[in-house]
Amino acid sequence: MSLLSSIACGLNQHQPLRRDVTWNGRAYVGNCRHCGVPIERHGHRNWRKRGSAADGQHGAPTPTPT
């Protein structure tokens, strides 16, 4: 892994291994070509680390402590 790619991965700006990208019914998912972590496409050339299933609730209201 080069120095620039390790910095980009550290800033959560990943690049996919294109041959392994698949559609999971909600988003394009794959693994980063540099660090190997699971990533998800959020827009054109915008790949971010995939969170857990609980983190995937986009648009869900944030619970407030009572």
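Student: Where does Leu17 lie?

Tutor: Leu17 is in the loop between H1 and E1. These labels are DSSP runs numbered from the N terminus: helices (H or I, at least four residues) and strands (E, at least two). This is a predicted model: local features need pLDDT of at least 70, side-chain atom pairs count only at pLDDT 80 or more, and totals for chains, interfaces and linings use all residues. Residues are numbered from 1 along each chain as its sequence is written, and side-chain values use heavy atoms, with hydrogens and water left out.

Student: Why does Leu17 count as partly exposed?

Tutor: Leu17 has 25% relative accessibility. Buried means under 20% relative accessible area and exposed means over 50%, with partly exposed in between (1.4 Å probe, protein chains only). So Leu17 falls in the middle class. Leu17 and Ile39 are 22 residues apart in sequence, and their C-alpha atoms are 10.0 Å apart.

Student: How much of the protein chain is buried?

Tutor: Of its 66 residues, 17% are buried.

Student: What pattern does the protein chain follow along the sequence?

Tutor: The pattern is α-β-β-β-β. That is one helix and four strands.

Student: How do the four strands form a sheet?

Tutor: They form an open sheet in the order E1-E2-E3-E4, with antiparallel pairing. Strand E1 (22–23) and E4 stand at the edges, each with a single partner strand, so one side of each has no neighbour in the sheet.

Student: Over how many bridges do E2 and E3 pair?

Tutor: E2 and E3 pair over three bridges, in the antiparallel sense. The hairpin of E2 and E3 has six residues between the strands, and Gly36 takes a positive phi near 80°.

Student: What makes Arg26 and Glu40 a salt bridge?

Tutor: Their N to O distance is 2.6 Å. A salt bridge needs a side-chain nitrogen of Lys or Arg within 4 Å of a carboxyl oxygen of Asp or Glu, so Arg26 and Glu40 qualify. The count by this rule is one. The pair links distant parts of the chain, 14 residues apart: Arg26 is in the loop between E1 and strand E2 (28–31), and Glu40 is in strand E3. Arg26 is partly exposed at 44% relative accessible area, whereas Glu40 is buried at 6%.

Student: Which residues form a nonpolar patch on the surface?

Tutor: Leu3, Leu4, Ile7 and Leu11, with about 470 Å² of accessible area together. Patch members have over 30% relative accessible area and no salt bridge; like charges are joined within 9 Å, and nonpolar side chains (Val, Leu, Ile, Met, Phe, Trp, Tyr) within 5 Å. Leu4, at 68%, clears the area cut-off. The areas come from the Shrake-Rupley method with a 1.4 Å probe, and for residues only the protein chains shown count as cover.

Student: Which residues lie nearest the centre of the largest pocket?

Tutor: His14, Gln15, Pro16, Arg45 and Trp47, out of 18 lining residues. H1 and E4 are the elements that give two or more residues to the lining.

Conventions:
On a 1 Å grid over the protein atoms alone, a cavity is a set of points where a 1.4 Å probe fits but cannot get out, and a pocket is an open set with protein on both sides within 12 Å along at least five of seven lines; lining residues have an atom within 4 Å of a point. Two strands pair if DSSP finds at least two bridges between them.
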